[in-house]
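The sequence and the structure come first, and the notes follow.

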Amino acid sequence: MDRTFQVDLRGVVDLLSHHLYASPRVYVRELLQNAVDAITARGAGGGRIRIEAPDVTGDGTLRVSDNGVGLSEEQVHQFLATIGRSSKRDDFGFARHDFLGQFGIGLLSCFLVADEIRVLTRAEGSPTVLWRGFADGRYSVSPASAERPEVGTTVTLVPRRDAEQWLVRRTVAELATLYGSLLPVSVEVADVPVTGGGLPWQGPPDGRRERLAAYCQEVFGFLPFDVVDLSVPAAGLTGVAFVLPTPANPAARAGHRVYLKRMLLAEGAEGVLPEWAFFARCVIDTTELRPTASREALYEDQLLEATREALGDQLRGWLVRLAGRDSRRLLEFLDIHHLGVKALALHDDEMLRLVDRWWPMETNLGRITLADFRAQHGLVRYTVQVDEFRQIGAVAAAQGMPIVNGGYTYDTQLIERLPAVESGVLIERVEPGDLSTHFDALDPGVELARRPFLARAQRAVDRLGCEVVLRAFDPVSMPAMYLQNRSAAFAAELRATRERVDEVWADVLDALARTDEQDRPQLVLNYRNPLVRRITELADDDLVRLSVEGLYGQALLLGHHPLRPADAALLNSSFLGLLNKAVAGED
């Protein structure tokens with residue numbers, strides 16, 4: 001035999017309050033929504049919603065009245081006595097699309113703040129009916145003791161003892177203004193209007209920019225850098241995007257203000273704009289996008305995805321227009337929000353061209369756009385890490401080798417995408433170890449004469465896993481450089497880790513850390529430096545060792561390399577040893 005589910009209404013209310021709705025305050029939105037839908041179903045002009053707080057009713061209750069379509073006794077039994085049943089389908093000759101509500105649990109949300117709900121309603125040609133529902137699941141339907149003077153509905157809430165604060169006039173007025181200020185019907189709280197007319201972005205053109213800037217200040221708390229109009233007809237969407245005047249965190253989820261048929265859906269909706277557009281906050285009204293069950297966010301579907309792409313295209317178009325008409329303003333924007341534009345340029349060719357032409361990147365010859373860099377130097381050499389650029393930038397410039405710092409967010413990816421977008425672009429990734437190939441080798445006679453010194457210098461740094469090389473390079477004032485490519489750095493890190501793990505893992509790391517001799521870091525001594533030349537002529541083995549160790553430590557510091565404990569100890573001992581040699585005297 002078929003049986004009917006038994007519903008524990010207390011349990012349902014608990015489920016709503018803890019899992020569906022973020023806050024009990026949504027009860028005001030649900031009451032407004034039901035009233036607006038009733039007015040829509042009646043189809044007459046002059047829709048009106050009146051809210052009376054307990055200080056007006058005088059009995060501690062809250063009353064919400066509308067002049068909508070009302071319900072007959074049969075409809076009361078049909079719609080108010082069945083959880084999940086919605087009256088907003090085709091029962092009044094309107095398609096479901098015409099209504100704000102999409103789920104039949106709106107009135108039930110009032111049990112978040114009330115122990116009892118009374119619905120006094122009258123439909124055209126029907127007597128007035130009173131429905132009383134209680135939080136424990138009981139309800140009753142009876143003829144009203146007195147007829148309503150007009151068609152419509154009055155909902156009365158008897159508050160729970162712990163929820164009276166949600167029904168006081170100030171709170172109700174704030175919530176009614178928050179949710180219903182843009183509704184196309186009149187909403188009053190204790191005879192004070194809370195509806196403010198049309199959508200802010202649809203006002204008269206005179207002073208529009210100033211009005212929208214003030215609106216942005218009120219809603220988001222900032223004066224916008226610029227305002228971008230938004231429109232997606234397929235989603236019934238209009239609105240505006242406000243460009244932030246200060247840098248935004250790309251990792252933070254941007255929240256946008258979303259209205260559904262002019263009823264506030266969410267103050268901080270996510271996923272409205274593409275992820276790269278974290279520099280904008282938008283306010284939109286839509287008739288076609290679907291809300292989630294709680295009506296506090298947008299439902300992720302194909303229409304929302306297409307809408308997000310369309311809104312992204314409109315922001316992108318704004319940037320292109322800005323580049324064409326006001327380059328100074330574009331540079332101001334890029335200075336604030338270059339990360340967002342570069343993120344878009346990763347997969348958008350037109351934005352990549354914009355970055356190429358307008359965004360100045362760091363080079364060892366100063367900040368310059370990639371387009372100007374190519375025009376001046378042809379080949380685009382670049383490093384992929386900021387530390388690598390700092391290590392070799394100045395010396396590379398002295399050798400006439402311009403380099404772009406590709407170590408900042410997205411820069412390397414953008415440089416490496418350029419050849420696919422602009423024909424004829426040549427790029428070359430540079431590692432610190434590559435720089436030694438641009439140094440001048442010594443004359444064969446000089447190199448042969450300095451081999452004994454190189455042997456002694458190599459013994460001084462052998463325990464540090466470093467190879468000593470003698471070259472000639474500019475600037476003359478730099479005595480030594482420490483050059484290490486990424487494979488050598490990886491091997492060094494493995495060796496350092498080996499000292500901190502057990503024997504089994506040490507054997508594994510030993511196998512990974514075996515590198516060819518050419519992958520060892522290099523300590524390149526500059527033979528053009530007068531001090532280095534004098535050191536190569538020293539006869540005292542101990543003084544050679546201390547000098548080479550000192551140059552090694554200085555090269556680490558000048559190249560912004562991390563100092564291991566062994567490096568710090570060597571730097572200290574070489575400094576003290578050289579002082580000891582320099583200051584003659586008896587112990």
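## Helix α7

The model is predicted. Helix α7 covers residues 302-325, which makes 24 residues. From its first C-alpha to its last it reaches 35 Å, close to the 34 Å expected at 1.5 Å a residue.

Which residues of α7 are buried? They are Leu304, Thr307, Arg308, Leu311, Gly312, Leu315, Gly317, Trp318, Leu319, Leu322 and Ala323. An α-helix has 3.6 residues a turn, so residues three or four places apart point the same way. The buried residues of α7 pack against β9 (226-232), β10 (237-243) and β13 (280-286), and also against the helices α8 (327-345) and α9 (349-358).

## Ser231 in strand β9

Strand β9, one of the elements that the buried residues of α7 pack against, contains Ser231. Is Ser231 buried or partly exposed? Its relative accessible area is 38%, so Ser231 counts as partly exposed, since the class lies between the 20% limit for buried and the 50% limit for exposed.

Leaving out residues up to four places away in sequence, Ser231 touches Leu237, Thr238 and Gln314. Ser231 and Thr286 are 55 residues apart in sequence, and their C-alpha atoms are 9.6 Å apart in space.

## Asp348 between α8 and α9

The loop between α8 and α9 holds Asp348. Asp348 counts as buried because its relative accessibility is 12%, and the class of buried residues takes values under 20%.

What does Asp348 contact, apart from its neighbours within four places in sequence? The contacts are Arg316 and Arg417. With Arg316, the side chain of Asp348 forms a polar contact of 2.5 Å.

Helix α19 spans residues 565-582 and includes Leu576. Leu576 has a relative accessibility of 47% and therefore counts as partly exposed. Along the chain, Leu576 and Gly550 are 26 residues apart, and 10.0 Å separates their C-alpha atoms.

Which residues make the nonpolar surface patch of about 290 Å²? Leu576 makes it together with Phe575 and Leu579.

Note on methods:
Residues numbered from 1 in each chain as written. Predicted model: local features only at pLDDT ≥ 70, side-chain atom pairs only at ≥ 80, totals over all residues. Heavy atoms only, no water. Helix = DSSP H or I, 4+ residues; strand = E, 2+ residues; numbered from the N terminus. Expected span 1.5 Å × (residues − 1). Buried < 20%, exposed > 50% of the residue type's maximum accessible area, 1.4 Å probe, protein only. Contact = heavy atoms within 4.5 Å. Patch = residues over 30% accessible without salt bridge, like charges linked within 9 Å, V, L, I, M, F, W, Y side chains within 5 Å. Areas by Shrake-Rupley, 256 points an atom, 1.4 Å probe, with all protein chains shown as cover. Salt bridge = Lys/Arg side-chain N within 4 Å of Asp/Glu carboxyl O. Polar contact = N/O pair within 3.5 Å; in protein donor to acceptor, adjacent residues only side chain to side chain.
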